[in-house]
Amino acid sequence: MEYLKEWLKKRKASGICRELFPIERLGGGRVRAAGSNGGYAESRGSENQELIDFSSNDYLALSEHPEVIAASRHYLEKIGTGAGAARLMSGDLALYHELEQEVASLKGKAGALIFGSGYLANIGLIPALIGRGDVVFCDRFNHASIYDGCRLSMARLVRFRHNDLAHLEELLIKERGQGRALIVVESIYSMDGDRCPLPELVALKKKYDCLLMVDEAHATGIFGKNGGGVIQEDGVAAEVDIAMGTFGKALGSYGAYVASSEEMVNYLVNRARSFIYSTALPPAVVGASLAALKIVREQPQLRRQLQAKVALFKEILGTGGVADLGPSQIVPVLVGDSGLAMELAAEGRANKVFVTAVRPPTVPQGTARLRFSITLHHSDSDLERTASLVVDLLRRRGLGSGV
Ligand SMILES: *Cc1c(COP(=O)(O)O)cnc(C)c1O
């Protein structure tokens, strides 16, 4: 075990050691540093005060929505706490099929399959689609779960520069080969908040006869007329072969889905190991997802409210000279240096703002940033105060052009 000690010491010395940060959730998007780790919290300037949470993916605040909580409680009391078995054993309750139909219809696909989480979906789905002798074209900025799925598949992994269609096509010409080929992208990238050029990707996947898989983790519920994601907004749902996404973000619950053709669903039931060999989700969790989907479909005003909040936040930052804020509810404020990003995050906490400093290796060298995710928990005055604070902190360091 000496090895562990040495390893952790090195990690800490190089400033990249990950640490847990226990928090207490106060509701309404407020959190407080909690538990025995108070010293840790203090060292980071939060001193156990109430903080506004800018790190949550609960974009539509559905995790605290009364109807979602009521539906979850209903299934909890009706069915119990656990599914008791995998779907293929005795765990295949009717409500999973109900959720699958709802999500398939939201995503404009014939069928859907529920997985335990987005991570489990990606590591089960990708190895089911491709294998040895095949090739996968993967955007460099794709989520770790996608990369893990690619590695597990044993297919040849070819990475293309982020959102660079010319580079992708060059690689398609060179590396497409004779086997099956899969292109994997995210519609909204989790660390940059930018969007993939979906119609162009569809054209490429047709031209080079590939499957196209889109991870809509940060798009479902937020983009598209009914919250069906970027595939809906761009009108390409029919041409995207596989759309996956999580219930853990805008839908305020837990679990994930893969939406595709009926044959694909039947195939995955036979091939996706993370589906086959894992207990079905707890009924209360599925109940929450069902209620959340209904709200997403029926209440487009929630999306409009979120967009207005995002616009307000970016407008203040933009006026203060902070550029490249992207097109979504994920707002990266580029800082560059990792140490500086950590310092700014600590100053944020000292000012009641809980924001994550995202640093290499999660993002490329020299692109450390503060990553703000805007949610319906944030009041307009939260957003105004926070954006002004960021402008001010950057200006004091000679960053951002200021006015
Ligand atoms: C969060 C995320 C996942 C994983 O989803 P979980 O349900 O949290 O496991 C997968 N892909 C992307 C792009 C994500 O942002």
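**Close-up 1. Make-up of the shell around the ligand.** The residues of this shell divide into two nonpolar, eight polar and three charged. The model is predicted. In total, 13 residues surround the ligand, and the closest are Gly118, Asp215, His218, Thr246 and Lys249. Helix H6, residues 118-129, gives the largest share of the shell, with three residues.

Close-up 2. In Gly118, a backbone N or O atom lies 2.8 Å from an oxygen atom of the ligand. In Tyr119, a backbone N or O atom lies 2.9 Å from an oxygen atom of the ligand. Asp215 uses its side chain instead: one of its N or O atoms there is 2.6 Å from a nitrogen atom of the ligand. The ligand taken alone exposes 380 Å², and the protein buries 86% of that.

**Close-up 3. A cis peptide bond.** Pro360 and Pro361 are joined by a cis peptide bond, with omega at about 10 degrees. Pro361 sits in the loop between strand S13 (356-358) and strand S14 (368-373).

**Close-up 4. Positive phi at Met154.** Met154 is a residue other than glycine, and its phi has a positive value, near 70 degrees. The loop that holds Met154 runs between helix H7 (144-153) and strand S6 (156-160). Met154 counts as partly exposed because its relative accessibility is 45%, which falls between the limits of 20% and 50%.

**Close-up 5. Positive phi at Lys352.** Lys352, also not a glycine, has a positive phi near 70 degrees. Its place is in the loop between helix H15 (338-350) and strand S12 (353-354). With a relative accessibility of 39%, Lys352 counts as partly exposed.

Methods
Residues numbered from 1 in each chain as written. Predicted model: local features only at pLDDT ≥ 70, side-chain atom pairs only at ≥ 80, totals over all residues. Heavy atoms only, no water. Helix = DSSP H or I, 4+ residues; strand = E, 2+ residues; numbered from the N terminus. Buried < 20%, exposed > 50% of the residue type's maximum accessible area, 1.4 Å probe, protein only. Near = heavy atom within 4 Å. Polar contact = N/O pair within 3.5 Å; in protein donor to acceptor, adjacent residues only side chain to side chain. Areas by Shrake-Rupley, 256 points an atom, 1.4 Å probe, with all protein chains shown as cover. Nonpolar A, V, L, I, M, F, W, Y, C, P; charged D, E, K, R; others polar.
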